[in-house]
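This report concerns selected local features of one protein model.

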Amino acid sequence: MCDSFSKRTLGQRTPKAVASGGPGPISDSESGRQAKRACSVARSRQLDLVAVAALIICLIAFRSRSFFTPFSDPTVGLYQSIGQSWLRGHLPYTTTWEYRPPGFFAMWALAIWMVGAALALNVLAVLALGATALALAKIAITLDPRESRATGWWAAGFFVLLSPVNDAIAGAAELQLSAFLAWSIYFALQRTGRTRNVLLSGLLAGFALQCKLTAIPPIVVPLLLLLVGTSQPLESAGLFLAGVAAPIAIEVLVYLRAHQLAVLWNANIGTTLRYKSPASEFSRNRVLVLRQLWTLAPQIELAFLGLSRRANRSQLASIGWLAAVFVSIVAAGEFYERQFVLLTAPVALLAALGFVRLLRLLEGRRAVQKSVAIVVVLLTFALHDYHETQQGAMFAWHRLVLRESSWQLDQTGEVAAELRTLNAGSSSLYLIEQSPYLYDLLGVASPTVYAYSDYLLDPRLSTGAGIDGKAELARILATRPRFIVLSNLEDFRYAPDRVALIKDALASSYTVVYRSTRFTIYRRSK
């Protein structure tokens, strides 16, 4: 194709020559340069399309299991339930309680409205991961002193390779938070169209804050980027903060109009003020922290290689991003796997720079370069078993090829199926350690606004919610629901008084009607 283009351009006149009636054919050397530039652009576009297609395929493949088990995660079930409730006209916190800002549930409500609850999880996750990968690719080009597109694609590629790490397969709010934060930083780095970019950066930071209030330390990074090196720091800060405040102002107006402002305050601000993490939490979980960092080991090592003595603005942004995320994890005092999802994007950015820098040191030795690339990718795979992807392949084989629609139902699907056989849809029901979305699937009202049972079983979460969890649990059990579904209470050994309440109620008034390895269904006998 490029050869034929080169032949066609030989002997043609330049546009300038045609307009001026000047000399005729362009020279062979100039024509050759034009042909090479055109071929280079064409190849670059083709490579971009191939890279985008490969990243999308990998994202979907890594998440393939969750396409077959969309209701399996109780936390995601809570988000699905609140989103569904909002579509019925009930604002978040009024019928189902959770501490996250309402903007996060607005995303869920919109996704459920557009594609249904079963697909909402993966639509939101794939869009967030894809958006983050694209933002990293664009930031990495400015991060690289040579502004190489290869650096951008390696950053996106590393991020996608690490996308299943640290429980990111679930519908964690960290996925959307990372996407909004990455684009906020990207717009903060732009030199042109400053007013528009500052506003967009602030608005995206505001959206990140709607996902989790622990986004406060990371959103300081784009703000500092806008303040450094500008002749109008106050104007930049004002525009940025106006963007951050816009989503907050909208939610306040919505709740004010519904006379529910106190509910909004309690769920967001009140919970943050009440929730206190023990000072010993970090030291107690240091092994877990190191284990989560170990999963990023190859990229962290490459990130150190990518640091240079004369770091540019983008590199400083990436380092600040990494530090701010780690501060937010430690400050929250929660060391679940999903908290570390936020580290993936800045680590991938710096790792791409280090990786490309290493390849440039090996320039002219293509065999060695390819070997290094293969080793880095294999090391990344070696540290993760990608069992979700393997399970996804098995689900696809049994569900799609063999047409076994009930093959390995997730726990939520199994519970729903058994409760339907027991005609539980017309009875009162209480779910303990189950997905709250089960209430929606069965058309049964939850006996409490705290449908996510951890808020009643975990004393620390009860304190954060501002409730007496034990008293609320006793109230629910006193109503003697027709059915109680129970998973494993061993996770709550540190709250023996609450576990005892449940066990006493089950022993005195309930009989087992179904038991599996994962859960037990009790029916009221008296």
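The lining of the second largest cavity consists, by class, of 3 nonpolar, 3 polar and no charged residues; here Ala, Val, Leu, Ile, Met, Phe, Trp, Tyr, Cys and Pro count as nonpolar, Asp, Glu, Lys and Arg as charged, and the others, Gly among them, as polar. The model is a predicted one, in which local features need pLDDT of at least 70 and side-chain atom pairs count only at pLDDT 80 or more, while totals for chains, interfaces and linings use all residues. Residues are numbered from 1 along each chain as its sequence is written, and side-chain values use heavy atoms, with hydrogens and water left out.

The lining residues of this second largest cavity are Thr-214, Ser-328, Ile-329, Ala-332, Gln-339 and Leu-342. Helix H17 (residues 313-332) supplies the largest share of them, 3 residues. Helices (H or I, at least four residues) and strands (E, at least two) are DSSP runs, numbered from the N terminus. On a 1 Å grid over the protein atoms alone, a cavity is a set of points where a 1.4 Å probe fits but cannot get out, whereas a pocket is an open set with protein on both sides within 12 Å along at least five of seven lines; lining residues have an atom within 4 Å of a point. Grid points are joined across faces, edges and corners, and a volume is the space filled by probe spheres set on the points. The count by this rule is 2 cavities of 30 Å³ or more.

The second largest pocket has a lining of 14 residues, and Ala-51, Ala-150, Trp-153, Trp-154 and Leu-359 lie nearest its centre. Helix H3 (28-62), helix H8 (149-161) and helix H18 (341-361) are the elements that each give two or more residues to this lining. The largest share, 6 residues, comes from H8. The two spaces are set side by side below.

| Space | Volume | Lining by class |
|---|---|---|
| Second largest cavity | About 40 Å³ | 3 nonpolar, 3 polar, no charged residues |
| Second largest pocket | About 420 Å³ | 11 nonpolar, 2 polar, 1 charged residues |

Helix H20 (residues 387-401) has 15 residues, which at 1.5 Å a residue should span 21 Å, and its end C-alpha atoms are 20 Å apart, in agreement; the expected span is 1.5 Å times one less than the number of residues. The buried residues of H20 are Glu-388, Gly-392, Phe-395, His-398 and Arg-399. Because they cover an arc of only 140° around the axis, they lie on the same side of H20; the arc is that of the directions from the helix axis to the C-beta atoms. Buried means under 20% relative accessible area, exposed over 50%, and partly exposed in between (1.4 Å probe, protein chains only).

Arg-403 lies in the loop between H20 and helix H21 (411-421) and has a positive phi of about 60° although it is not a glycine. Arg-403 is exposed, with a relative accessible area of 68%. Arg-480, in the loop between helix H25 (469-478) and strand S2, has a positive phi of about 50° and is partly exposed at 30% relative accessibility. Most residues other than glycine have a negative phi.

Strand S2 (residues 483-486) runs parallel to S1, to which 4 bridges join it; two strands pair if DSSP finds at least two bridges between them. Leu-431 stands opposite Val-485 in S2. Both faces of S1 (residues 429-432) are covered, with Leu-429 and Leu-431 buried on one side and Tyr-430 and Ile-432 buried on the other. Strand S3 (residues 510-515) pairs with strand S4 (residues 520-524) in the antiparallel sense over 5 bridges. A hairpin of 4 residues joins S3 to S4, and Val-512 stands opposite Tyr-522 in S4.
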